[in-house]
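Subject: Structure handover

Hello,

Here is the structure you will be working with. My notes follow below it.

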Amino acid sequence: MPTKQPRQPPLRSPMQAEAQTLVLQEAGPEDVDRLTAMEAACFALPWTRDNVAGEMENNPFSHGWFLVRAGGDGIPGEAVAYAFMWETFETAQIARIGVLPPFRQQGLGLKFLALLKERAAGSGCEFLRLEMRASNEAARKLYEKAGLIQAGVTKRYYSDGEDAISMVAALESEETTCW
């Protein structure tokens, strides 16, 4: 008589992210290695560990954030994206944002931006800004969908000579300053 196999929990694929709760979780100095690994997975020219540590430890305006995908059935949260956002006076600036490759093209970037905008507005910021490579059409489409508009171009901004496009969005906020 065959023995009954224990029931295995269903496998969770990145495509199931919609059915799960997405939360913004602040990173701390203890997350430098985790953030550095995510950075390396997301970018061809990633920030170094020293760059990440500098953001976390030496920039009083910088906050690191994870987008955590948590199941409602007690499964621990899984970070699928991260960002560094500077909150200075009336402006929040996204310094870096990345979605891990297996979780791209699922709307997570748009949801992450909405949570970051909500966070910035809740801190009293009136504007959200960022710079992006002029050649990054996927990012431009995402940012436009999130309500950002082009505010300017900085010629030869990047080390390889590529231009940077500045994008901005007004935030709904009751306060006038953020710290």
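Which backbone nitrogen lies 2.9 Å from a polar atom of the side chain of N59? The backbone nitrogen of F61 does. The pair falls under polar contacts (N or O atoms within 3.5 Å; within protein, one must be able to donate a hydrogen and the other to accept it; residues adjacent in sequence count only if both atoms are side-chain atoms).

First, the ground rules. This is a predicted model, where local features need pLDDT of at least 70, side-chain atom pairs count only at pLDDT 80 or more, and totals for chains, interfaces and linings use all residues. Residues are numbered from 1 along each chain as its sequence is written, and side-chain values use heavy atoms, with hydrogens and water left out.

Fold. The chain has four helices and seven strands. These are DSSP runs, numbered from the N terminus (helices: H or I, at least four residues; strands: E, at least two). From the N terminus the order is β-α-α-β-β-β-α-β-α-β-β. Of the 179 residues, 43% count as buried (under 20% relative accessible area, 1.4 Å probe, protein chains only).

N59. This residue sits in the loop between α2 and β2 (62-70). Beyond its neighbours within four places in sequence, N59 is in contact (heavy atoms within 4.5 Å) with G54 and W86.

V52. Helix α2 (residues 49-57) holds V52. Its relative accessible area is 0%, so V52 is buried. Setting aside neighbours within four places in sequence, V52 is in contact with V32, L35, T36, W47 and F84. R34 is 18 residues away along the chain, and its C-alpha atom is 9.9 Å from that of V52.

Largest pocket. A pocket here is an open set of points on a 1 Å grid over the protein atoms alone, where a 1.4 Å probe fits, with protein on both sides within 12 Å along at least five of seven lines. The largest one holds about 1400 Å³ of space, taken as the space filled by probe spheres set on the points. Its lining (residues with an atom within 4 Å of a point) has 36 residues. F43, I97, N136, A139 and Y143 lie nearest the centre. β4 (91-99), α3 (108-122), β5 (127-133) and α4 (137-145) each supply at least two lining residues. β4 gives the largest share, seven residues.

Best regards

Notes:
Buried < 20%, exposed > 50% of the residue type's maximum accessible area, 1.4 Å probe, protein only.
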